[in-house]
2 protein chains.
Amino acid sequence: MAKGAGMIRPNMATMLSFIMTDASFSQDALQLALNHAVDISFNRITVDGDTSTNDSCVLLASGESGAPQLSMGTAEFDTFKIELNSLMQELAQAIIRDAEGATKFITLRVSGGDSEDDCLAVAYTVAESPLVKTAFFASDPNWGRILAAVGRAPLSKLDIRRVGISLNDVSIVSRGEPDPDYTEAAGQLAMSADEIIVDIVLGDSDHSATVWTSDLSLDYVRINAEYRS
Amino acid sequence: MAKGAGMIRPNMATMLSFIMTDASFSQDALQLALNHAVDISFNRITVDGDTSTNDSCVLLASGESGAPQLSMGTAEFDTFKIELNSLMQELAQAIIRDAEGATKFITLRVSGGDSEDDCLAVAYTVAESPLVKTAFFASDPNWGRILAAVGRAPLSKLDIRRVGISLNDVSIVSRGEPDPDYTEAAGQLAMSADEIIVDIVLGDSDHSATVWTSDLSLDYVRINAEYRS
C-alpha cells in the first residue's frame, strides 16, 4: 500500500507506504533489502521537485507462513529482493500515475555519465524542468528544451558531442548531432503517447539512473491554486 | 534596453540587454562596474528555473559627452556605479514583471544565513518551488509551503528556532514560532497584493540576498504548452 500526491521528491516525502509479507527474516536482512528497494523506487520519483516533512516506508514480516527464515546470501533471499524491488517500483510508479494533474507518465533513463550521481542529476534536472514538463503536457516534441535542461544540470563536465536523446525509441540526437532520420512527425507521434520513455546518453560509461515523473498540466496549477475552494 | 521572457535563470539566460552612456571610462573600470551590476540584477531573477543557451549584456560608453574620463576610486565613479546598479535592477525587475503568465511580482529577501550563498540558495529554492508559486498565483497565504521550501534548501545547517517569515510586513513566523498576532485574514490581504515582499530570516548574521520572481499561473502553462498553435 502506498499513498502520495504532489510533494514527493526526494526521499518519499508526503508518502506513506506499508508492505507486508508472511515470510520470516532477521531484522538486518529485511532492513538491507528495504533500503535498497527504497533507493531504486520511492527515492527515484518526483512530481514538482517539492518535498514535505512527512514520509514513511514500513516493511513488516510476520513469519506467519511458518517457512524457515530467509537468510542473506541465499538464492531465496535474492529472489525475495528482486520481487520486493519490483513491487516497490510498481507502487512508486503508481504514485506518479496518480500525481496532481498528471496526464503523462514519463520515464527518464540516463546512462553513460561519469557516475551514477551525474546520471541522477541530469534525470532530475530534466524531470523537474517546467518547460520540459509543459512540453510533455502539450505532446510537443520540443527536444531543445530537453537538451537545454541536460546542459544546465549540475555536472562537472559535459561533452555535448557524446550526448544522445531519444523519445520512445525515436532517435532525435545522436552523439551531439541531430539524427538525420528524425522527422518532427515521428517526434510528435512519440510525444502523443500516454507513457513516454526518454533515453538520454551522456557517454560510454556503465553508470545509469532512472527517474519517473509526470507532466506539468493546467490541472496541476488548478489543484494547487484552488484546493481551498 | 532589455529583452527576456521565460527561461531566465541564472546568468541572464535568454536575455539581451544593451546599456549606453555618453560618459568616458577605461575598459577595466567599465567592466568592473558592469560585472557587479549584473550580479545584483540580471543574475538575481528567475521565472521557472530554466535557463537557455543565449544571453548578453552589453555596456557601451561612447565618451561623446566630452566630460573627463571617470576613474575607479573617485566619487563620480561611485555615483555612476550606484546609478548603473539601479538602472540594471529596474531592467531586471521589468523582465520579471513581463514574465510568461506572471500575475504577481515577488521579491524574496533572505537574511541572516551563514553566507551570502546560503541566503541565495534559500531565495532560489523558495522562488522556484511550484507549490509556493501556485500559492502566490492563488493569493493563498499558505506559508507552510514557504517554510517547507526553506527546509529543503541545500544548506549545511538550518536552525528552525531562528527562522522568521513575513509577507509584506505581516509577520507569520518569528524565531521558529508562529507569530501570536498573525491571522489568516492578514495573510490573505498581504497575498492579494500584486507585489509581495517575502522576508525570510535565517539567523543573526549580516549576510543577505535578494531574488525577484513571478508566480506560476494557468497562463504560464498555456503559453508554454500552446505556443505553436
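## Strands and sheets

In chain B, strand β5 and strand β9 (residues 195-201) are joined by seven bridges and run parallel. The model is a predicted one. One of the pairings places B:Leu108 with its bridge partner B:Val198 in β9(B). β5(B) is also joined to strand β10 (residues 208-214) of chain B, again by seven bridges, but here the strands run antiparallel. In β10(B), B:Trp212 is the bridge partner of B:Thr107. Strand β5 of chain B covers residues 105-111, and five of these seven residues are buried, so the strand is largely enclosed by the rest of the structure.

Chain A contains an open sheet of three strands in the order β1-β2-β4, with mixed pairing. Its edge strands are β1 (2-3) and β4 (55-61) of chain A, each of which pairs on one side only. β1(A) runs antiparallel to strand β2 (residues 15-21) of chain A, and two bridges join them. Here A:Lys3 stands opposite A:Leu16 of β2(A).

Chain B also has an open sheet of three strands, with mixed pairing and the order β1-β2-β4. The strands at its edges are β1 (2-3) and β4 (55-61) of chain B, and each pairs on one side only. Two bridges connect β1(B) with strand β2 (residues 15-21) of chain B in an antiparallel arrangement. In this case B:Ala2 stands opposite B:Ser17 in β2(B).

## A covered helix in chain B

Helix α4 of chain B spans residues 130-137 and is mostly covered, with seven of its eight residues buried. The buried residues are B:Pro130, B:Leu131, B:Val132, B:Lys133, B:Thr134, B:Ala135 and B:Phe136. Just after α4(B), B:Ser139 has a positive phi of about 50°.

## Salt bridges

Over all chains, the count comes to 18 salt bridges.

| A:Glu116 | A:Arg44 | 3.4 Å |

Which parts of chain A does the salt bridge between A:Glu116 and A:Arg44 tie together? A:Glu116 forms a salt bridge with A:Arg44. A:Glu116 belongs to helix α3 (residues 116-127) of chain A and A:Arg44 to the loop between α1 (27-39) and β3 (45-46) of chain A, so the pair ties together parts that are 72 residues apart in sequence. A:Glu116 is partly exposed at 40% relative accessibility, whereas A:Arg44 is buried, with a relative accessible area of 12%.

A:Glu195 counts as partly exposed, at 44% relative accessibility. A:Arg97 is partly exposed too, with a relative accessible area of 41%.

B:Asp114 is partly exposed, with a relative accessible area of 45%, while B:Lys157 counts as exposed at 55% relative accessibility. Elsewhere, A:Arg162, A:Arg175 and A:Asp204 are joined into one network by salt bridges that share partners.

## The contact between chain A and chain B

The contact takes 28 residues from chain A and 28 residues from chain B. Together the two chains bury about 2500 Å², of which 57% is on carbon and sulfur atoms. Zero salt bridges are found across this interface. Four residue pairs are in polar contact across the interface, both residues being at pLDDT 80 or more.

On the side of chain A that touches chain B, the elements giving two or more residues are α4 (130-137), α5 (143-152) and α7 (218-225) of chain A. Of these, α7(A) gives the most, with six residues. The residues on this side divide into 13 nonpolar, seven polar and eight charged.

Note on methods
Residues are numbered from 1 along each chain as its sequence is written. Chains are lettered from A and ligands numbered from 1 in the order in which they are written. This is a predicted model: local features need pLDDT of at least 70, side-chain atom pairs count only at pLDDT 80 or more; totals for chains, interfaces and linings use all residues. Side-chain values use heavy atoms; hydrogens and water are left out. Contact means heavy atoms within 4.5 Å. Buried area is the accessible area (1.4 Å probe) that two parts lose on being put together, summed over both. A salt bridge is a side-chain nitrogen of Lys or Arg within 4 Å of a carboxyl oxygen of Asp or Glu. A polar contact is a pair of N or O atoms within 3.5 Å; within protein, one must be able to donate a hydrogen and the other to accept it, and residues adjacent in sequence count only if both atoms are side-chain atoms. Helices (H or I, at least four residues) and strands (E, at least two) are DSSP runs, numbered from the N terminus. Ala, Val, Leu, Ile, Met, Phe, Trp, Tyr, Cys and Pro count as nonpolar, Asp, Glu, Lys and Arg as charged, and the others, Gly among them, as polar. Buried means under 20% relative accessible area, exposed over 50%, partly exposed in between (1.4 Å probe, protein chains only). Two strands pair if DSSP finds at least two bridges between them.
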